[in-house]
Amino acid sequence: MLSIDRSIVDAIVAHARRDHPDEACGVVAGPVGSDMPSRHIPMDNAARSMTFYEFDSMEQLRVWREMDDNDEEPVVIYHSHTATEAYPSRTDISFAGEPNAHYLLVSTREPQTEEIRSYRIVDGQVTEEPVQIRDAAVDPHAVQSYMFGQSPATVDYECSGR
């Protein structure tokens, strides 16, 4: 399960909306081994594409060195899909190189709502996981959990009203 602060999710969605119609991308770093996303790092989509994202190689090197210097790792790697559901494409799956990371996708295909889903991608296998959004302004045990699944009933849920 991905447990993430609402302010980080809001920043990711804002980044995705700002870069639309191009895909947005970035990382949320956290202390090594903690699985706690704590520092949002929006990055440039070097591909400047509506259907593909690519970290700028120099920016990626700088960000990964900075995380290393801070004893951090990429806990979440995110990007947006601008015209399709928030599900990893074949290209997304083939480029997923951080087996311990949560791969968060945001669909910005609908202007009034966002679809936020998280996956583990290991050795080409995609496993969807629930997203628990924490609200730092209230009791940390008061959370909302979302599971957007590919269930046999094929039900998709979308978050809205934020």
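**Exercise 1. Is Arg 117 buried or exposed, and what is its relative accessible area?**

Solution. Arg 117 is buried, with a relative accessible area of 0%; buried means under 20%, exposed over 50% and partly exposed in between (1.4 Å probe, protein chains only). The model is predicted: local features need pLDDT of at least 70, side-chain atom pairs count only at pLDDT 80 or more, and totals for chains, interfaces and linings use all residues. Residues are numbered from 1 along each chain as its sequence is written, and side-chain values use heavy atoms, with hydrogens and water left out.

**Exercise 2. Describe the salt bridge between Glu 66 and Arg 62 and its setting.**

Solution. The two side chains meet at 3.7 Å, N to O. Both residues lie in helix H2, 4 residues apart, about one turn of the helix. Glu 66 is partly exposed, with a relative accessible area of 29%, and Arg 62 is partly exposed at 45%.

**Exercise 3. Which members of the largest nonpolar core touch the most other members, and which elements give two or more residues to this core?**

Solution. Step 1: a nonpolar core is a set of buried Ala, Val, Leu, Ile, Met, Phe, Trp, Tyr and Cys residues joined through side-chain atoms within 4.5 Å. The largest has 18 residues, of which Met 43, Phe 55, Ile 77, Tyr 103 and Ile 121 touch the most other members.

Step 1: the elements giving two or more residues are strands E2 (25–31), E3 (39–43), E5 (102–107) and E6 (113–122), together with helix H2 (57–69). E2 gives the most, with 3 residues.

Step 2: apart from this core lies another, of 17 residues, including Val 9, Ala 16, Tyr 78 and Val 131.

**Exercise 4. Characterise the largest pocket and the largest cavity.**

Solution. Step 1: on a 1 Å grid over the protein atoms alone, a cavity is a set of points where a 1.4 Å probe fits but cannot get out, and a pocket is an open set with protein on both sides within 12 Å along at least five of seven lines; lining residues have an atom within 4 Å of a point. Grid points are joined across faces, edges and corners, and a volume is the space filled by probe spheres set on the points.

Step 1: the largest pocket holds about 420 Å³ of space. Its lining has 22 residues, with Phe 52, Tyr 53, Thr 91, Asp 92 and Phe 95 nearest the centre. H3 supplies the largest share of this lining, 3 residues.

Step 2: the largest cavity has a volume of about 40 Å³. Its lining consists of Tyr 53, His 79, Pro 88, Asp 92, Tyr 103, Leu 105 and Ile 121.

How values were computed: Salt bridge = Lys/Arg side-chain N within 4 Å of Asp/Glu carboxyl O.
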